Amino acid sequence: MQSMPVFILKRLLYGVLVLLMLSFVIFSFIRIIPGDPVRMSLGPTVSEEVVQKIRHELYFDRPLVVQYVHWLGGVILHGDFGQSLFTKRAVSADIAEFLPRTIELALFSAILILVFGILLGTISALFRDSWLDNSVRLLSYLGVVTPSYAFAIFFLLGFAYYWKVFPLGGMPTLPPEIRTTGMVAFDALIHGRFALLGNALVHLFLPAVSLSLGSIAYQARIHRSAMIDNIGKDYIAFAYVVGVPRRIVILKHLMKPSFIPSLTIFGLQVAALLGNAFLIEVMFRYPGFSQYSLRVIMAKDPYGIVAVTLVFGIVFAISNILIDLGIARLDPRVRLRTTE
Amino acid sequence: MKRLATMLVLCLTFLMVLGVVCLGGTTLRTTITATPETLDPATVIGENDWKVAVNLYDFLVYPSSEDASPEPSVASSWEVSDDSLTWTFHLNKGIKFHDGSELTAEDVKFSMDRMIAIGEGYAYFFTERVAETEVVDDYTVVFKLSEPFGPFLVTLYRLAILNKDLVLANLADGTYGDHGDYGRGYLLSHDAGSGPYTAVDFQIRNYVKLAKFSDYWQGISESAPDTVIATEVRDAATTKMMMGSGEIDLAHGRQEMTTLNALAAMDDIAVASIPEMSINFFMLNTKKPPTDDVHFRKAMAYATDYDAMLAIYPGSPRALGPVPPQLFGYAEDLTGYQYDLDLARQELALSPYADELDRYPIDVSYIQGNGDTAKLCLQFAANMAQIGIKVNLVEAPWVLFCNKEESLDTSPHVTNLFANASYPEAGAILELKYASWTVGGWNQNEWLQDSVFDSMLTEALTTADADARSQLYSQMQHYIVDDLCPSIYTFLSVLRPAYRSDVFRWPAGEGHPHPIAEFNFNYRFFEML
Amino acid sequence: MRHKRDNRSRPRWEKFKRQWHKFASNRLSLLGMGVVVLLIVLAIFAGKIAPYPDHAGLYLDFQNANQPPSWKHFAGTDGCGRDIFSRMLFGLRVSLEIGLLVLAISVPIGVLLGLVAGYRRNTWLDTAIMRFTDLFMAVPPLVLALVVVAMFTPGFFFAAIGIAVAWWPWYTRLTYSLVTSLSNEMYVRYTELTGAPLRHIILKEILPNAVSPIFTKMSLDMGMIIIIASSMSFVGLGVQPPAPSLGSMVSDGIKYLPEFWWISVFPALFIVLIVLGFNLLGDGLRDVFAIEEI
Amino acid sequence: MRDLEKTQDTLLTVHDLSVSYRVYEGILAVLQNVDFAVDGGQRVGLVGEAGCGKTTLLKTVARILAIPPAKIEEGKIRFKGRDLLDQSKVVHRLVRRDISMVLQDPTASLNPTLTIRSFMSDVLKATPQRRSRKERQQQMLKALEQVSMPSPERVLDSYPVQLSGGMRQRVCIAISLLKDADLILADEPTTSLDVTIEKQILELLNTLTVENRKSMVLVSHALGAVRTMTDRTYVMYAGNITEEGRTADIFRAPSHPYTVGLFEATPKLSGEGVSDGIAGELPSYLDPPAGCRFAPRCPERMPICDEQRPGAIRIDEDHTVYCWARANETKGDQ
């Protein structure tokens, strides 16, 4: 146990290493592909001197490695991801603007996945082969195979256009004075702006649901099978026979080991979330990071792209580490192995 | 979950009420296809940027709502030397910037110098033409040109006057020597103008919020909206919903026909039509086979079914040449090309590629997102098929589209695009479309690089006398259309903003659109009901 | 040597029969297989089956634009008056082609690297390869794919490349774990002892046993890939018009919601059906080969 | 005289129990009309080669048989005069209070994600008497010391993985003894342990049961242990009881050919079957022999063996065997 911090540190370091390599690969990509992004962003009417000047400012006239190192220095020293050619502002500023909203969306959906995935999985495992189980399984199957944007369409049609219980999309803006994290609902909550909170939630609801349904379904499937093959295990039988009450057996002796596989899958689900967020944010006009990423990616905005991939990588790595910690927490075998 | 939903909705409605109460005064809620990237008028050429800029800033001269000819604005009067190289402007007194300080000649000089120094946006009007700017006294400023420049006055519509002191007070370190970043950082999200409105809140990709500037020097009527919120709404479904539910009063004018029809069907919703200084081109690459052959190009021009295309954009007038008719220097006597397959086949027969058409399929590239453009290109492809020309359609996202235009070998045979004159003279669009120095941009896929044309253009632009200039312009148009046929001119672009006629009145709605599209969105002239 | 192989092959055949029996005993798996076969047939004979084959490409009929579903047009028509049902069939073809192309690119690469790394376990080569795969698994596949496509030009081919770039590492991982587990098994040890060459061990011993898991994963991935490909067309970086692609059909339809709902709803449902088919099939296979969650 | 005892305090009687498993290939008829009894304070041995249904029998009694796939075809189980097969709360409570079991595999029977402490305290909390945390602590330590566990404090806070096989088995026993059940079912408590520990554990069980006068069913391959520790012995083969009686008698004069073979094969006995002792292997439960299930392997096989199942033959006043061969002998005697 005591050497857990070391383990985390190792994981972090490794993650950082991978991300550095990745960013370098992307960088070299951008440099080798034809077309001059600077000229592109300014258009043909701008004089060559100006373009050259900006190329120089952005290190595009230096060798790849120099540019990369300079950029890296900026990132490490003062979190400066370079300047976006298309929003004409510091990429870091854009990230600060857009990332929190996406994080909020992702968290919201992640919670939905965890809660409902586990819940449904447990129910159908406990009532195995009952109509309940079967219907859950059927639904989860449909859920797994339906792409998130399909959900989005159906929900838009249903809840936004016909019943009009939810807005079509967008997100209320955060009054600057209460901006702490940049997550609208969260900030509204901690500053007690409940009207805004309600509004934010109402805007989060459909995107989050369409984003998470597929994962919920998958999570449920995994958790179900995990529980079912644990039910057959000797230690459950033993727990019963030495007189542990049913309630405790299920909630503790059965739940805890079943969480191990389903938590592992949960890690993958988070990744899926970040990916799918692209379409969802586009469809719900959710002013989030994915939408921004899409823009810079299409714009071939050099620093933008690198920053975007890097940020995704970071979020990804962090979530993975958290998952691993969770598993280690649950499973002494893992924990002992890592601390050996 | 339904209960949760309804609960949330209650909160939402409550909040809306709250919002309205808080704002107070009249509010005009409008949409734009994209928020500006910056509020810095010196660096932008985009429609959306200027729709905002005309409200934030003042200009030496202001385009008349009749024919876009220059009228006094910040400058009460001006005179030009006989060699038409020295322009002297006398400024009005007591013009207040938004921070209360007065607008003087210093600010004008500063704005011009800054624009040239930065060299982005519309700076190319002035770089290498404006040799220097002199401040004679607080209310007199003199521009010294290095060569005569005919359209000089009208290009001043793009010189927004910045508050020098304010900008200098907000310099960050940058690459403009002792000017640091020349206030670019500050102007990303603040205005430094004297215009009828001031920017109070700007969230990029989200919305811009303008507030009425009460002591605007020309005065501003009570009925003009106190607050204007321009929200970025691209997608049609949302626009329809919000218009229907009255969440917005004025939708941007770039809706598709299906959307417009749906909107027009709603009650209290009118659709204004604003002709732009812009034309829809099929730009034929004159350097790539087979479109490098003039007969081939003419064949294509004859094979295009213009009426079918106008049917996709109903109400847009047919364009015969590259110049929109409302521009100074438009050649009335152009005949252009008509849909005539026989003529098309004759022309095609003259082209060296006539008998090996299938060896030369042509790529037609257009910008993803607007269904009508797609239909246009599908129509075009269908037409070309009629004379045996094979077409590959290439839909590209805006920026990838631009990427391809950068170099000759990546740019396609044909692109479909609207090209926009940046000042109300034929020269503007002729230069943009066909000058050798504007190749490599999305506005010119022709890669014309024709020395004859270049020299004509230079001559025209440096001709001070209006009539002479107009003459040259019309010669050029004939040369382009009749001899070279580098593009197929389909129709004149018309903005069609839908708006709630029960909420406000505006000139464009009354059938008096301003000839320069952006200037229709100067909210000073709006009248809330 | 030869007769030794015969000995092996007969039980294999028996094994196959038994497995087929087990597979067939699960109705859902059969349904999945049925759907997939049907889809493949539809895709191949789209030209024959589609009521309006010419609507798949350049075709304009603004008089018939945005017609609701009817007997004439099962799924209605789109903004250009093209029959959506016909376009769906051709879109299906495109989707399947992309799926196959992606697998054709990523599986061989992935498997090969996996085999090499697995067999040169705990050498620098192993480390290098596996770290390299980590590189490509560090961001969500869709993001990576989009970046790659944006670098080049959008279209069928590069869309496939983009996805493949994000996909091969999973096969490397899978093969790697298979090899490491299999190579511990007795008979491979044995072949090692008999001094059979590495190539022989990999080709004759490991690969045959790795086939079924890999195959299963492929059929499961087919669905995923089709979803991702359609997502890419959805944002305009996938297959380019006029070639019909389900993803872009969906996204085109969105701006016509809610009046012309059918334009995007039917293609969306069709995607669901496709993915459903492949997943059912894949799960069936997984049960038969008794493979853990891949 | 034994009959008297029986009427006095029979703790557990299993009568005519048949249990089968539904599986993909079909129905496995495992237990077949098993009769089995345990008296108060009595220790009963149950022997037979691996896979002959011993565990199924015990699990059925302890009511931890996984149903499905298992199914109780017929039969009665009475415990303290109550029918164990009925699902009423009373019976449930009764079982939870008075029947405890030690499973074969200690590793599998301890939840890898729980510390010994949390497991034990769950058990203690369930017992009728209320205890303070402190008392529980003592109780646990006591239980662990009982099984002569070195440094019990450390063990309490460790996870199963951190313990050796022997320690795990002791922990299991300690846990199963936490509630003082009247009947302890010990299912091969010593497989997977090396000989020395095996000895310790068995002695441990022995003393514990003797001391607090518990009844115990001991399933074990260690025939020596069964011989020394138990009063009665049942011999099972392929889901049938083949022979039963006083341990002493059975070991002195094994009667059923299977028992004989079993004893001969002793040293080799364990997981991998009895190939050396008796030729052949267990019949498949899918379609077991119509007659005596041992017939196919039986050295004294007779035609009838394949047709009818042998009835109970009393060869001694408390020694019963199910075998045609013996039946004829007894006839011969008369």
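Trainee: How many bridges join strand β9 of chain B to β10(B), and do they run parallel or antiparallel?
Mentor: Keep in mind that this is a predicted model. Strand β9 (residues 207-212) and β10(B) are joined by 5 bridges, and the two run antiparallel.

Trainee: Which residue of β10(B) stands opposite B:Lys209?
Mentor: Look at B:Ile229.

Trainee: And strand β1 of chain B, how does that run against strand β10 of chain B?
Mentor: Those two run parallel, with 6 bridges between them. Strand β1 covers residues 27-32, and strand β10 covers residues 227-232. For a pair to find on screen, take B:Thr27, which faces B:Thr227 in β10(B).

Trainee: What holds strands together in general?
Mentor: Backbone hydrogen bonds pair the strands of a sheet, in a parallel or an antiparallel way.

Trainee: Next one. What is the strand order in the open sheet of 5 strands in chain B?
Mentor: The order is β14-β13-β15-β12-β16, and the pairing is mixed.

Trainee: Which strands stand at the edges?
Mentor: β14 (391-396) and β16 (487-495) of chain B do. Each has a single partner strand, so one side of each has no neighbour in the sheet.

Trainee: By how many degrees are neighbouring strands of this sheet turned against each other?
Mentor: On average by 30 degrees, ignoring direction.

Trainee: Change of topic. How many helices and strands does chain C have?
Mentor: It has 11 helices and 0 strands.

Trainee: How much of chain C is buried?
Mentor: Of its 294 residues, 50% are buried. Now take the contacts in chain C with a separation of 6 or more: 69% of them link residues 24 or more positions apart.

Trainee: How many residues of chain A are in contact with chain C?
Mentor: 37 residues of chain A, and they meet 32 residues of chain C. Several elements of chain A give two or more residues to that side, including α1 (4-32), α11 (246-283) and α13 (302-330).

Trainee: What classes of residue are on the side of chain A that touches chain C?
Mentor: That side has 31 nonpolar, 5 polar and 1 charged residues.

Methods: Residues are numbered from 1 along each chain as its sequence is written. Chains are lettered from A and ligands numbered from 1 in the order in which they are written. This is a predicted model: local features need pLDDT of at least 70, side-chain atom pairs count only at pLDDT 80 or more; totals for chains, interfaces and linings use all residues. Two strands pair if DSSP finds at least two bridges between them. Helices (H or I, at least four residues) and strands (E, at least two) are DSSP runs, numbered from the N terminus. Two residues are in contact if their C-beta atoms, placed from the backbone, lie within 7 Å. Ala, Val, Leu, Ile, Met, Phe, Trp, Tyr, Cys and Pro count as nonpolar, Asp, Glu, Lys and Arg as charged, and the others, Gly among them, as polar. Axes are lines fitted to C-alpha atoms, for helices over the stretch in contact, and angles run from 0 to 180 degrees between N-to-C directions. A residue is buried if 20 or more other C-beta atoms lie within 10 Å of its own, exposed if 12 or fewer, and partly exposed in between; C-beta atoms are placed from the backbone.
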